[in-house]
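This briefing goes over one protein model, from the whole chain down to a single residue. Please look at the structure first, then read the points below it.

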Amino acid sequence: QVQLVESGGGLVQPGGSLRLSCAASGIFFNINAWNWYRQAPGKEREYVAAITSGGSTNYSDSVKGRFTISRGNAKNTVDLQMNSLKPEDTAVYYCNTRGVYNYVNLNYWGKGTLVTVSS
């Protein structure tokens with residue numbers, strides 16, 4: 001059973017930093033990409049950042065230059081370094097991984113970790 005578990009969320013003051021991590025277990029397929037999404041209260045889930053199996057990265061305009069996605073040191077882990085945090089970054093952050101197995105597209109989500117940016 002594939003499970004994704006996020007960690008590292010919490011309360012931080014505006015301008016501060018947090019580092020989120022996502023660890024996947026039960027992976028039986030080739031991962032094409034890791035993604036981070038977030039969902040603020042009363043809003044739809046939105047894309048934050050992605051890293052492909054080849055190491056290419058992509059960011060939403062709202063976090064570009066402040067957030068950095070990277071593979072973790074352990075296998076099947078990914079991190080999101082968040083700097084210069086703003087109150088509008090407050091959201092539940094979700095880890096997502098996608099791949100293909102036997103020609104079937106796979107898509108898995110974690111349960112999320114809450115990030116609150118407030119003074």
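In this predicted model, 54% of the contacts between residues at least 6 apart in sequence join residues at least 24 apart.

**Fold**
- The protein has eleven strands and zero helices.
- Read from the N terminus, the order of elements is β-β-β-β-β-β-β-β-β-β-β.

**Dimensions**
- The radius of gyration is 14 Å, which agrees with the value near 14 Å that a compact globule of 119 residues would have.
- The C-alpha trace spans about 50 × 25 × 25 Å along its principal axes.

**Burial, surface and charge**
- Of the 119 residues, 42% count as buried.
- The accessible surface is about 6600 Å², and carbon and sulfur atoms account for 46% of it.
- There are 11 positive and 7 negative side chains, and the centres of these two sets are 6 Å apart.

**Ser84**
- Ser84 sits in the loop that runs between strand S8 (77-82) and strand S9 (91-101).
- Its relative accessible area is 40%, so Ser84 is classed as partly exposed, a class that lies between buried (under 20%) and exposed (over 50%).
- Leaving aside residues up to four places away in sequence, Ser84 touches Gly15, Gly16, Ser17, Arg66 and Asp89.
- Pro14 is 70 residues from Ser84 in sequence, and the C-alpha to C-alpha distance between Ser84 and Pro14 is 7.0 Å.

Terms used. Residues numbered from 1 in each chain as written. Predicted model: local features only at pLDDT ≥ 70, side-chain atom pairs only at ≥ 80, totals over all residues. Heavy atoms only, no water. Helix = DSSP H or I, 4+ residues; strand = E, 2+ residues; numbered from the N terminus. Buried < 20%, exposed > 50% of the residue type's maximum accessible area, 1.4 Å probe, protein only. Contact = heavy atoms within 4.5 Å. Rg over C-alpha atoms; globule rule 2.2 N^0.38 Å. Areas by Shrake-Rupley, 256 points an atom, 1.4 Å probe, with all protein chains shown as cover. Lys, Arg positive; Asp, Glu negative; His and termini not counted. Charge placed at Lys NZ, Arg CZ, Asp CG, Glu CD.
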